[in-house]
Amino acid sequence: MLEIKPVFSALLRSKAGAVMLLIQIALTTAIVSNAAFIINDRIDYLSQETGYPEDEIFSFTVKSFDPNLDISQKFEETETMLRNIPGVENAGLFNASPLSGSGSATGLSLAPASERGPDVRTAYYQADENALDILGLSVSQGRNFRADEVIVSQTRDVFPQVVIVSRALAKELFPEGDVLGQTVYFGSDPLEIIGIVELMKGPWLQDSKPDNVAIIPFVSASAFQHIIVRTQSEQRAAIMRQIEDLMLEDHGKRVIIGLKEMDVRKAEYNSSNTLMLRMLVVLIIVLLLVTALGIFGLTVFNINKRTKQIGTRRALGARKSAIINYFLVENAMICSIGVTIGSIGALFLGRVLLEHYSIPALDNMYILFTALFVIAISLLSVLMPANKAANISPSIATRSI
Amino acid sequence: MLSMKNISKVYQTEKVQTHALRDFNLNVDEGEFIAVTGPSGSGKTTFLNIAGMLEPFTGGDFMLDDVNVGTLSDNQRADLRNQKIGFIFQGFNLIPDLNLYENIEVPLRYRGIKSAERKRRIEECLEKVGLASRAKHLPQQLSGGQQQRVAIARALAGKPRFLLADEPTGNLDSLMARQVMELLEEINREGSTIIMVTHDSELARRAPRNIQVVDGQLADFTLYQNKAMDEIAAKAGQPAIEA
Ligand SMILES: Nc1ncnc2c1ncn2[C@@H]1O[C@H](COP(=O)(O)OP(=O)(O)OP(=O)(O)O)[C@@H](O)[C@H]1O
Ligand SMILES: [Mg+2]
């Protein structure tokens, strides 16, 4: 038997504690639903597929300081040396490391620069015909580069004529389908799209278009050169340990810096996200705990204050279950009002975050689930004290004045 | 209708055992008005609590309307309290957050009585205790005597066969006390059986039957005060004995 009306009117006559709790429940609902949404958004972000076998790849930078060195020539030899290390699948020069937070971007357009057509922003990698294999990628449509399409040059007098693009870039360039064989312009240089890779990410995962990537078969070895190596995943650590020695053996007048696994680079790039994620998780846990404790405390307080009343109710014929129901109903009332206010607050907070902090629009399901969760926690925290109340002896009615 | 045979009650605290009742024997018939007196700590409240099924007893047999109370479950005892017994407490025990109407409603709700019927009974009972105009007041807005009358109305609303009162006038001045006593007498005339614990010998003397609890046992003496009471007692089937 649920006695809603008398519980409600009794509640109205002693509001103070209830109002505090109501505010707390409302705040918890508003904050937790937004925090949970952001957490989930960040988890999606952090665990997104990049297209790369991250645990097989590492990269480093070579600083050459021999002024008399024919750099292009030397790096040909270095690549061969690297590819011959047991356990190495492939290796080569790149202008940038994927997922690392630094690299190059450009605007590709459908008309030469002189005609100033609209262009599509994209990250691009420059490497030779091994590029896809080094990154563990393959074309899903079209073909890979041929060796004779690769331009090796210290200047930009000659530029490649072909390009491989990611699916996302292809879609943005040509929303209406046929991509292979089309020409796009890198500045004034025309490039024919010869292949499409379903998924590969640029250097900046936090970019608004992290999936727009082009690979251009152009090698321009410099005194400050990135090299990417793909190994068998279980061999990677061992190979990385000997890489510096092997590189110096190959040529003494160079320094190896920034030797890092691809997944480590990605984690470092994302470290602020990871930190925020952890802080939000802590925030949620603390808020929920405080709310649960608040409800628990208020109920215990109420029960201690109403010991005599409870005994009297029992004397007047209340079953134990009626006493438990009383506190559950009382709690459910406070909670449902609090959760309602909190849900409105959550919508409001979500809008503020959307406007000021470029966080995606709050999914209303998060409010719903948070509200249900808060109600569940609330009922659980009231259950134990309510049970204690039900066990108050009816003889309290005559024994206490 | 109420019969206790060799009832005992032992309170077990960490070190001491208190025999609050021992070999307690009592029969109460329908319609009686019994005043219970006795020294402080003699076991009066303990007896009343056991009679009202507010606490368990440790030995003996207790029959209430042919039901063996010792075998009942907690829920059955709660239901039986609700249906058959009305309580009046020394401290009134009104619920401070509920107004008079809602206070009287409490036991009726536990019995699952429909709203219209509740309203009828509550108004009738408030009328009877002379507080009909105060239905929306909170207990703290009333004097002690008025609060006790509300408590009596609450006890009456369920039309109990038994009214158990533990020092109902203990917190009231003598004028208020007399008013409450008159109300109880009226209720008794209408057929309810009343057991009232009191320290007030004058009030006790007005009851048709007096029992005295001394050291957890019934000191057997029964007296009737005056002719009017004799008649009431005779009507209730109780032989009048001059002490
Ligand atoms: N919960 C309890 N635990 C232990 N001992 C108790 C408890 N309740 C009562 N007693 C003891 O039982 C004995 C009888 O108590 P009871 O309250 O029945 O006396 P009383 O006759 O009602 O006294 P008074 O006139 O002062 O109200 C007392 O010695 C008391 O100390
Ligand atoms: Mg007492």
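**Two chains, a few questions**

Colleague: How far apart do the centres of the positive and negative side chains of chain A lie?
Modeller: Lys and Arg count as positive here and Asp and Glu as negative, with His and the chain ends not counted. Each charge is placed at NZ of Lys, CZ of Arg, CG of Asp or CD of Glu. Chain A has 35 positive and 40 negative side chains, and the centres of the two sets are separated by 23 Å.

Colleague: What pLDDT do local features need in this model?
Modeller: Bookkeeping, then: residues are numbered from 1 along each chain as its sequence is written, while chains are lettered from A and ligands numbered from 1 in the order in which they are written. Side-chain values use heavy atoms, leaving out hydrogens and water, and since this is a predicted model, totals for chains, interfaces and linings use all residues, side-chain atom pairs count only at pLDDT 80 or more, and local features need a pLDDT of at least 70.

Colleague: What relative accessible area does A:Leu99 have?
Modeller: A:Leu99 sits in the loop between β2 (88-94) and β3 (104-109) of chain A, and has a positive phi of about 65° although it is not a glycine. Buried means under 20% relative accessible area, exposed over 50%, and partly exposed in between (1.4 Å probe, protein chains only). A:Leu99 is buried, at 0%.

Colleague: Over in chain B, which strands are the edges of the open sheet?
Modeller: Four strands form that sheet in the order β2-β1-β4-β5 (chain B), with antiparallel pairing; strands pair if DSSP finds at least two bridges between them. Strand β1 (residues 2-12) joins β2(B) over eight bridges, and B:Tyr11 stands opposite B:Thr18 there. Pairing on one side only makes the edge strands β2 (17-28) and β5 (67-68) of chain B.

Colleague: Which residue in the turn between β9(B) and β10(B) has a positive phi?
Modeller: Strand β9 (residues 209-214) runs parallel to strand β3 (residues 33-37) of chain B, joined by four bridges, and is antiparallel to β10 (residues 217-219) over three bridges. β9(B) and β10(B) form a hairpin with two residues between them, and the one with a phi of about 55° is B:Asp215.

Colleague: What relative accessibility does B:Lys44 have?
Modeller: B:Lys44 is found in helix α1 (residues 44-51) of chain B. Beyond its neighbours within four places in sequence, B:Lys44 has contacts (heavy atoms within 4.5 Å) that include B:Thr37, B:His199 and B:Val213. B:Lys44 counts as buried, with a relative accessibility of 5%.
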